[in-house]
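Subject: Structure handover

Hello,

Here is the structure you will be working with. My notes follow below it.

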Amino acid sequence: MKKKCKILNAIIMFFLLAENTFAQGNFADSTIATGTKKLIEDLTVWALIIAPIAGGICLSYFFIRRSAADEQDHKKWQNRINVAIISTVGATLASAIINLVTGYYTT
């Protein structure tokens with residue numbers, strides 16, 4: 001019961017503090033909006049840099065392990081290689097799309 005009261009009080013306080021920002025209609029210029037926008041932009045830029053590097057490291061490891069594996073394990077390592085390639089491309093594309101979309105909201 002105390003936990004529910006604390007959560008309810010936190011929600012009420014948030015809306016009371018944010019009321020001035022929402023009521024004036026300048027939410028886009030508020031600290032919350034601009035900070036969140038900058039955070040998303042920074043994270044997507046870092047994801048564009050880190051995803052291919054991490055994918056390349058994983059792929060290198062998987063190729064080395066596949067070359068040392070017997071025929072039975074060869075297929076498992078090939079599946080891991082395929083998943084790593086798809087995941088790297090997916091992470092890079094997702095972060096590029098998010099960066100592109102947030103770029104439209106920059107003034």
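Y61 is partly exposed, at 43% relative accessible area. The scale is this: buried is under 20%, exposed is over 50%, and partly exposed lies in between, with a 1.4 Å probe and protein chains only as cover. This is a predicted model, where local features need pLDDT of at least 70 and side-chain atom pairs need 80 or more, while totals for chains, interfaces and linings use all residues. Residues are numbered from 1 along each chain as its sequence is written, and side-chain values use heavy atoms, without hydrogens or water.

**Aromatic pairs**

The structure holds three aromatic pairs. Rings of Phe, Tyr and Trp (its six-membered ring) pair when their centres lie within 6.5 Å; planes under 30 degrees apart are stacked, over 60 edge-to-face, and the rest tilted. The ring centres of Y61 and F62 are 5.9 Å apart and their planes stand at 55°, so this pair is tilted. F62 is buried, at 16% relative accessibility.

Y61 also pairs with W77. That pair is edge-to-face, with 6.1 Å centre to centre and 80° between the planes. Y61 lies in helix α2 (residues 31–68) and W77 in helix α3 (residues 71–103), so the pair ties together parts 16 residues apart in sequence. W77 is buried, with a relative accessible area of 8%. Y61, F62 and W77 form one aromatic cluster.

The charged end of R80 sits over the ring of W77, 4.4 Å from the ring centre. The test for that is NZ of Lys or CZ of Arg within 6 Å of the ring centre and within 35 degrees of the ring normal.

**Core**

Which residues make up the largest nonpolar core? They are L59, F62, W77, I81 and A84. α2 and α3 each supply at least two residues of this core, and α3 gives the largest share, three residues. A nonpolar core here is a set of buried Ala, Val, Leu, Ile, Met, Phe, Trp, Tyr and Cys residues joined through side-chain atoms within 4.5 Å.

I81 is in contact (heavy atoms within 4.5 Å) with L59, F62, F63 and R66, leaving aside neighbours within four places in sequence.

**Helices**

The chain has three helices and zero strands, and the elements run α-α-α from the N terminus. Helices (H or I, at least four residues) and strands (E, at least two) are DSSP runs, numbered from the N terminus.

α3 has 33 residues, which should span 48 Å at 1.5 Å a residue; its end C-alpha atoms are 48 Å apart, which agrees. The expected span is 1.5 Å times one less than the number of residues. The buried residues of α3 are W77, I81, A84, T88, S95 and T102. Their cover includes α2.

T44 is found in α2. T44 is buried, at 6% relative accessibility. Not counting residues up to four places away in sequence, T44 touches S95, I98 and N99.

**Whole chain**

Of the 107 residues, 13% count as buried. The accessible surface comes to about 8,600 Å², and 69% of that belongs to carbon and sulfur atoms. Areas are from the Shrake-Rupley method with a 1.4 Å probe; for residues, only the protein chains shown count as cover. Among contacts between residues at least 6 apart in sequence, 57% join residues at least 24 apart.

Best wishes
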